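Here are some notes to read with the model open beside you. Take them one point at a time and find each spot as you go.

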Amino acid sequence: MFMVIGSNMTEAHPVASTFLKNAVQNGAGLIVVDPRKHKLVDFANLHLPLKVGSDIALLNGLMNVLITEDLYDHEFVERCCDDFEALKACAMTYPPERAAEISGIDAETIKKTARLLASVKPVMVCYTLGITEHTCGKNNVMSIANLQMLLGNMGVECGGVNPLRGQNNVQGACDMGALPNVFPGYQAVIDAKSREKFAKAWGVEKLPDKNGLMIPQMMDGLVDKKVRGFYIFGENLANTEPDIRKVEHELASAEFMVCQDIFENETTRFADVVFPAAAWSENDGTFTNSERRVSRVRTASPAPGYAQPNWWIFKQIAKRMGHNWKSDSAQEIWDNEISVLAPNLGGIKYLRIEKDGLQWPCPTEAHPGTPILHMEGRFTKGKGSFMAVEWTPPAEVPDEEYPFVLSTGRRLYHYHTRTQTGRCEGLNEVLGEETADISIADAKALDIAHNEMIKVYSRRGEVKVRARVTPEVPEGMVWMAFHFREGNANWLTNPAFDPNTLTAEYKACAVALAKI
Amino acid sequence: MMQQSNSIIINGHTCLFEPGETILEVAQRYRIDIPTLCHLKGTTPTGACRICIVEMEGRKDLIASCTTPAAEGMVIRTESPKVISHRKTILELMLNSGNHNCAIGSSKEESWTDFQMKTLVNDQNEDLCPAWGDCELQNLAYRYQVKGRTTGEPQPAMMVPAERDNPFIIRDSTRCILCGRCVAACNQVQVNRAIDFGYRGSDSKIIAGTDDTLMGSDCVFCGECVQACPVGALVEKKAMGHGRPWETQKIRTTCPYCGVGCQQLLHVKDKKIVKVTGVEDGAPNMGRLCIKGRFGYDFIYSKERLLTPLIRGNAGNGNADEDNDGTGKKGKLRPATWDEALDLVAQKFTEIIENHGPDALAGVSCARSINEDSYQMQKLFRAVFKTNNIDHCART
């Protein structure tokens with residue numbers, strides 16, 4: 001059985017969804033938890049159209065039923081988990097009736113869902129940004145892990161907590177230490193031994209010992225001048241970050257800004273220097289997918305003009321600042337540096353991934369890779385800890401002035417800000433502009449016709465956009481993407497962040513609609 | 001010789017089988033070639049095309065190997081005279097059922113018959129079938145030396161113009177052999193349920209929605225049906241005229257879009273990608289792709305690509321140009337050499353570090369680019385600039 005929560009798989013991860021649909025056709029059960037009635041709902045045994053941002057209340061409600069009706073996996077909980085009592089105490093404060101009041105899913109359905117989840121083993125939970133892009137994003141993830149541990153669905157094939165990662169190499173960028181707190185392979189920068197190891201490998205005396213800034217802190221720093229030089233590699237922040245007006249003010253405040261990209265875009269307008277980069281299929285390398293599988297990327301075409309591979313550009317800057325780096329190809333960087341320095345990648349070498357990639361952890365060259373983590377309930381840290389979490393509402397909720405909740409995401413036919421897909425023949429033909437997706441009931445109440453140009457506005461900005469009246473969207477919700485500069489949802493979104501991860505609340509802010 | 005249990009004999013070879021395996025599956029494991037057309041791996045066998053028929057000892061009629069489970073002691077012949085004769089008949093019927101103009105000796109127009117010229121009228125752009133050289137029916141026609149009909153009047157079904165109103169897939173029912181692979185690909189593999197068999201008997205054809213165009217149906221243009229089509233009934237529009245199959249080099253790579261990491265085969269001619277297909281049996285996608293993976297490759301050839309480094313008019317030299325677009329930046333970006341741009345960046349970053357400390361620098365890496373690039377950028381920030389202010393969009 002599957003539970004898909006906060007994930008519109010058929011549009012955001014189309015090929016992954018085909019395997020899920022195959023399993024459903026072969027008899028697997030499917031529970032979809034999502035405010036929208038997206039395509040996967042057609043295949044579901046149960047659809048729980050919860051209110052935006054009420055996930056924790058619903059999940060705690062499910063766990064309440066599992067504990068009250070004694071449906072959970074005692075053996076797994078006792079053998080593999082810590083802090084059950086704390087979880088139980090928390091879940092007991094979310095009886096189905098209370099969970100129903102917060103989530104909008106009636107108590108009977110919550111009970112039925114809990115019983116259904118407990119009736120089958122294993123259950124695989126898949127989630128995407130519908131879970132993480134909230135001010136309670138981290139707690140949402142914890143809550144899903146709590147549920148799966150309680151059901152004993154961890155460490156088994158077709159079980160587990162499975163984030164479907166958004167971008168082709170977002171997993172890899174994390175693994176590589178493009179994060180302010182860890183070196184490649186998740187080795188902490190505040191750990192002296194790790195610093196010593198990397199300093200030695202990189203031929204430097206010492207390395208900075210405190211955690212760096214996360215993106216929203218960097219952006220703030222541009223305004224208060226704590227950050228003066230800003231280097232943006234392959235990101236179109238001016239369209240992708242919440243509250244475009246604020247973001248553009250921050251970018252305009254940079255003292256010296258460097259962009260490295262394959263196209264000019266809304267962000268390069270703010271740059272002092274732009275480096276032209278080689279694109280996908282113009283140089284060799286590796287991507288790491290959602291399954292932690294490291295796969296090869298190969299060269300098909302030469303880079304145009306004077307464009308150069310990104311690793312080459314970084315190497316040239318290092319050289320001009322007195323550092324001569326040895327590796328001179330992506331393969332040398334991977335085989336001689338990355339896989340040597342990151343223990344989990346130690347066994348992955350280019351020679352081994354000529355065909356199918358390998359899934360880390362893969363510590364030695366004889367290791368076959370690890371498709372499933374936490375096998376037999378052995379968590380990395382020993383016992384898995386339940387982390388009791390309380391529901392918190394989104395930072396901005398609808399009110400009289402802004403009565404709709406805006407949720408944002410990606411559509412099938414484009415990718416992010418269309419720097420790539422907007423330049424592929426045909427894709428603009430199948431989706432040529434942004435729409436505001438609204439419910440039939442709301443359209444009727446506001447006298448808005450399908451395809452009519454309307455105004456959507458929030459406390460931060462307004463956009464004019466065509467209404468797409470659809471049964472997918474529940475009453476009281478507006479759903480938009482951020483593919484087009486015109487009508488980009490990020491003119492409206494709220495720059496409120498999860499306090500731990502500083503992930504923005506793209507899935508919930510308050511907006512109003514008006515006819516033009 | 002003692003018979004091993006769970007074994008059958010194919011063309012004199014003893015082949016072991018797992019219970020439930022079909023004769024075709026056993027043969028394929030032993031690399032014994034039985035031709036197929038309607039068979040699509042991983043989907044329910046239909047036995048529709050009958051081309052995989054084989055002869056079984058002790059049985060008068062020929063049996064479809066794709067639907068018949070192997071059973072202890074079967075003695076199978078896959079290329080007996082009887083089998084070959086039947087296959088020839090099947091191929092002849094298929095070739096005659098539609099617009100299959102490949103089986104002619106010459107491409108010179110004067111050697112073409114009226115029949116062939118008439119069926120070509122509706123082809124619009126192509127003299128030859130676009131699948132020419134990449135067609136399983138053509139391959140079988142050659143293998144068994146079968147020629148299609150070249151005289152008489154074309155049937156009305158052969159005169160239906162191809163559907164070309166969407167940007168991705170050309171759908172030509174006159175070349176369809178009704179094998180049903182596209183239907184299986186759409187309904188059983190991708191489960192988009194956009195196309196199916198429609199009508200009955202001789203009117204039978206593949207329909208989208210309620211016999212609509214693909215654009216007017218639930219089709220999401222994943223192109224799985226094109227990859228499955230054994231003939232020229234479904235072809236990639238973007239690849240048309242950009243190279244024949246034998247002219248292209250096939251390069252395996254990983255898709256640049258979402259986090260699934262689908263394995264693609266880039267069909268490359270003269271160092272340019274002309275078509276993309278899924279890597280059959282490659283993990284994790286087992287040959288499947290979506291619309292972006294299959295058709296979203298040509299952005300790299302855009303005329304808007306950045307070709308040289310660019311430097312802001314006043315950057316580094318203090319020109320007092322006007323702020324022209326509300327970005328707070330003065331002057332326009334102008335082309336520069338690598339040395340000029342790299343020197344300027346190194347100089348500016350060095351100045352900032354000297355005047356304000358290394359933490360006055362911050363960088364955002366790219367979740368779209370390769371691992372090696374992200375590694376190199378964080379190394380630059382940590383080892384050279386001496387700051388941990390490096391992040392990427394995993395959080396936003």
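1. Let's begin with a proline. A:P361 sits in the loop between β14 (358–359) and β15 (384–385) of chain A. Helices (H or I, at least four residues) and strands (E, at least two) are DSSP runs here, numbered from the N terminus. The bond that joins A:W360 to A:P361 is a cis peptide bond, with omega at about 5 degrees.

2. Before going on, remember that this is a predicted model: local features need pLDDT of at least 70 and side-chain atom pairs count only at pLDDT 80 or more, while totals for chains, interfaces and linings use all residues. Residues are numbered from 1 along each chain as its sequence is written, and chains are lettered from A and ligands numbered from 1 in the order in which they are written.

3. Now look at A:P122, in the loop between α7 and β5 (124–127) of chain A. The peptide bond leading from A:K121 into A:P122 is cis too, with omega near -10 degrees.

4. Follow chain A back into α7 (residues 107–119) and you'll meet its partner, α3 (residues 55–68): their axes come within 9 Å and cross at roughly 65 degrees. That makes α3(A) roughly perpendicular to α7(A), a label for angles of 65 to 115 degrees (under 35 is roughly parallel, over 145 roughly antiparallel, the rest oblique). The axes are lines fitted to C-alpha atoms, for helices over the stretch in contact, and angles run from 0 to 180 degrees between N-to-C directions. The crossing is right-handed, meaning that the near helix is turned clockwise from the far one by less than a right angle.

5. Which residues of α3(A) meet α7(A)? They are A:L58, A:G61, A:L62, A:V65 and A:L66, and on the α7(A) side you'll find A:I110, A:K111, A:T113, A:A114, A:L117 and A:A118.

6. Helix α6 (residues 96–103) of chain A has A:P96, A:A99, A:A100, A:I102 and A:S103 as its buried residues. Buried means 20 or more other C-beta atoms within 10 Å of a residue's own, exposed means 12 or fewer, and partly exposed is in between, with C-beta atoms placed from the backbone. Those buried residues pack against α3 and α7 of chain A; contact means C-beta atoms, placed from the backbone, within 7 Å. Just after α6(A), A:G104 takes a positive phi of about 80 degrees.

7. Positive phi also turns up away from glycine: A:D243 has phi near 65 degrees, and A:N451 has about 75 degrees. Is each one buried or exposed? A:D243 is buried, because 22 other C-beta atoms lie within 10 Å, whereas A:N451 is exposed, with 10. A:D243 lies in the loop between α13 (237–240) and α14 (244–252) of chain A; A:N451 is in the loop between α18 (440–445) and β18 (453–457).

8. Last stop: A:R411, in the loop between β16 (404–409) and α17 (427–430) of chain A. A:R411 is partly exposed, because 18 other C-beta atoms lie within 10 Å. Leaving out residues up to four places away in sequence, A:R411 touches A:E11, A:L431, A:A481 and A:H483.

How values were computed: Contact = placed C-beta atoms within 7 Å.
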